[in-house]
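Below is a short note on the model, arranged as numbered points. Please read the points with the structure open beside the text.

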Amino acid sequence: MTDNLDTSPFSALAVPSDGEAVFLVDYNGIVRFAVPQVLHEYGYTHQDVIGRSVLRFCAPEDSDVLTQRWLTFRDDSTRLSAEMPLTLLSANERRRPGRVSIWRLPDRDEFMVAFHTIDQTRDRLETLYSVLMTASSTLELDEVLTIILKEAYRLIPCQIITIFMLEHDGSVRVQRIHQGECEEYRSNIKEHWPELETNRIIRETGKSLIINDCDNDPRWVMLPDHQSTKSWLGVPLIHCAEFLGELNLDSPEPNSFTQEDAELAQALATQVAAALYNARLYETATRRAEWFQALGDIGLAISHLSLRDVADVVYRKISGLMDASTFFIGLYDSEADSVHIIGAYEHGRPVPDETMSANTGLVRLVLRTGESVIIRDSNVEPFPPETIIDGDRPRSLLMMPLFAQDTIVGVITVQSYQPNAYSPGNIAMLESIAGSVAAAIQNARLYDQTADRLAALEALHQMGLPLTSAQDLDTVAKLVIQAVLELFSPAEVWLFLSNEPPEKSCVWVGRAIHLHGPLHISFKVCSVPDPIINQVWQTGQPVIIHKLDKGQSIQIRTNMPRAVQAAAVYPIRRGQDQLGALAMLHWEPYFFRSDMLRALELLCMQAAIAFQNARHCTSLHRSLNEVQALQDLARRVSASRSLDDILNTVVQAIQDIYGCKSASIWLLDEQEEIVALRASVGIEPQYLENARLKLGDFVAGQVVATGAVVHVPDTQTEKGFHPIDPTIRSMLSVPLTVQDRAIGTLNIDSVSPNTFSPDHERILTIAGGQIAAAIETVRLLQETHKRAAELEQLNSLRNELILDLSHELRSPLALIRGYVGLMRDEQLGSIEDEQAAALDIIQDKSDSIARLIDDILSLELISPKTLDVMPCDITDLCCRAVDEARIVFADKKLTFRTELLDGKCLIGGDCVRLSEVLDNLLGNAAKFTLDGGTITLRMRLDDTAGRVEISVIDTGIGIPADKLPHIFERFYQVNHPIKYRFGGAGLGLSIAQRIIEAHSGTIWVESDEGKGSTFTFVLPLHSD
């Protein structure tokens, strides 16, 4: 039966020999009997064995395990036998490995124990084979070292077995078994492997070395911790011709090691070297893989352009590869000369970000020198004097600069509270990561900078859109303050706007009530700006205060919630015009970056344009309102027919438009040469006694005398000026001018200084001209009405005179014509031929006088009311008129031509009167056309205009150009000898014009002296 409690991986490899030792032990494990072979084989006497515990003869390292297994077997009565490995000690303490078998004796509390010795050579070979298989199947160096140490300690009698392994950084890793216990520690041998003679021989020869007597061998150097060592075995660890360390065995007994032990140790050392080499290759490959993985993850984080992501990834990767009890990345801000700490961790816990000066501590040293700071053990290597330690002192530290394109952008640091925590591999890895982190910082900064600039430009653009349509100062101010709060998040924003008189300076104050919450903007009017704003406004230069020095203060305004610690105040100006200032305030120290200030400057430029446009728009609206009001006033004035109504309307409207205290109009009395107050509003009665001024006296007299505007911004500062009303502080007086002649003044007054601007003067001057024109128009209208009444009266008298005269002339003319007829009929006696000729002349002249009377009466009686209007075919009238003219003027051998329309052409008119016009024009043409000439009657139809055009064209003597304007006047005749051929009173063309105009038509003449004339008239067509 086999005991399955044995867990040794080499128990199955033990091969027993034929020789064995048999013991009889009791319930407590005390030896009661031993075969003689025990005494002979192991050098014990009978007295040394009988009565003692069997565990006394076992190797000490097996004691606890054997005791536990013994008790387990003894107390389990169901088990009759068991087996377990065992190492017996001989009398001289040499180890004898073997296997023990135990049988329970029936009906007795005793047990028989048989110890089988193992073939040592075979055991060693089997052990080497097992070690080789184990080393080749695992890359866990610690596991291989532990197995080799235990097996060497089991197979080679010694007190201490030690493996020294030379590390890459020059330190020595030590692992050993001392009195059966495994130990591991690291010593710090910085420069080289210790140059002891034994080490030198092993290293140079590459072979094992045995010191049989350490006390007397000159090659041995007795160190303090080797006082108990009497014999020593050293074996080199060599693989691929590379010295990796040593395997040392120490024994308290001289001559403990044989050549066979050296060979076994060399074989084990070979396995150790191979395992160490492979483990290093594996460690290097693993570390490189971890590096590449870390760099890949960091590269992925870099692609996100988030410094927070980069810092977190870097910490996770570094903390997985090395001790990072303290970690942070410092972002260097060269503009602010500060370092922003991000991604900080203390013992695995995140630490809030903070900003520190770049002029203190190790950070300053690294930033200024660009060199890394490496502290392996602060107990051995002192920190640089710049070091500032807050809290526990680290034992190991790495701080490296972060370079991006030869520009230092920050630092990265890891710290450990263990000495020698960072190997050269760790340093190289951190250097590789530092490059990626620097690139990430640079990219993120460029991205953030670009994003910030784009955001600022977008915000400015978005602000510019409503600004372009803003037409009042309050809207512009709110848009600007909102943009500043959203872009820069200050505690408070002040916007000061300086207005020229009569406007008042004003200030808008804005702040966010809550983060990302609604905005609160207040407004107030101020006459004197605060000192710092006044400084910026006066000088046109910005004021930037990142942090107040001790003892300094900024008093922007009173009743502030907190003291101002940082401020940026920029002027708002357009060209040379200083419009105001914009202030960003912070309750804590704040660094205003150049990009921010540039954006603020651009914003102020946009604000200046918007404010100027708003001012122009406001001024334009005001001017338009004033002009509109003045236009309304002009319409009201034009509708007035009384001068007093006009003047009273004007002064009341002017006072309403300009909101002034008083308005008045003074007019010039040219006969008395005085300027008198004709209308006023707002003037106290006691001041009206001085309402008549001489030319040149006071303001009104001066304005009328000179024709120039008088503007007094402040009566109290104007030397030698004394207003009639002492309460008046500013006044404006413009002349009322007609044809460069001042007929009076229009005055407006205010109780406040600087009330009236040049715009008021300009608009009021224009209004004054309109008012003066209205006054003059009313005057002329009154005179015209008076003259018209007089003319109407004269016209009535003329008409009565004409009618009376015509009546009075007809009676004697009829009597004369009657007596002429009696005399020609010789009813009053016979007459001679000469008398008959005289009577013909009297008859002819009487007929002429009768025709003249008829023409005069006809001219006076023609009007639209006297026409007999009906549809009339003007084409037929023209045909008949030409036919009659051919008969009448047949003796002149004239040619009459017609260019008439086909068919009828109806007009609404008096056919008799229109025939009279045609006869008149044809007769007039025949009268002034020499014999053999041509007269043409032409008709043209204008359907678009709905009218017909008729022309009488002759080839006569024509009319001089200077006579054409008078051709249609009554009794006007062109002074030409040919006029006496037919005579006439000069009323025919006047009558023709009166008839055509009575038909809503027009008539005109075109003539070229010596070539003929063309008389044309147009008449509207008949409408159904």
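1. H18 and H19 cross in a right-handed manner (right-handed if the near helix is turned clockwise from the far one by less than a right angle, left-handed if anticlockwise). Helices here are DSSP runs (H or I, at least four residues), strands likewise (E, at least two), both numbered from the N terminus. The model is predicted: local features need pLDDT of at least 70, side-chain atom pairs count only at pLDDT 80 or more, and totals for chains, interfaces and linings use all residues. Residues are numbered from 1 along each chain as its sequence is written, and side-chain values use heavy atoms, with hydrogens and water left out.

2. The axes of H18 (residues 874-888) and H19 (residues 911-927) come within 10 Å and cross at roughly 45°. Axes are lines fitted to C-alpha atoms, for helices over the stretch in contact, with angles from 0 to 180 degrees between N-to-C directions. H18 and H19 are therefore oblique to each other (under 35 degrees is roughly parallel, over 145 roughly antiparallel, 65 to 115 roughly perpendicular, the rest oblique).

3. On the H18 side, Leu877, Cys878, Ala881, Val882, Glu884 and Ala885 meet H19 residues Cys911, Leu914, Ser915, Leu918, Asp919 and Leu922; contact means heavy atoms within 4.5 Å. By class this contact has 9 nonpolar, 1 polar and 2 charged residues (Ala, Val, Leu, Ile, Met, Phe, Trp, Tyr, Cys and Pro are nonpolar, Asp, Glu, Lys and Arg charged, the others, Gly among them, polar).

4. H10 and H11 have axes that come within 10 Å and cross at roughly 165°, and the two helices are therefore roughly antiparallel. Their crossing is right-handed. H10 contributes Ala455, Ala456, Ala459, Met463, Pro466 and Leu467, and H11 contributes Val476, Leu479, Val480, Ala483 and Leu487. The contact has 11 nonpolar, no polar and no charged residues.

5. The largest pocket has a volume of about 1400 Å³ and is lined by 41 residues, with Asp333, Glu335, Arg445, Asp452 and Arg593 nearest its centre. On a 1 Å grid over the protein atoms alone, a pocket is an open set with protein on both sides within 12 Å along at least five of seven lines, and lining residues have an atom within 4 Å of a point. Volume is the space filled by probe spheres set on the points, which are joined across faces, edges and corners; the probe is 1.4 Å. H10 gives the most to this lining, with 11 residues. The lining divides into 21 nonpolar, 10 polar and 10 charged residues.
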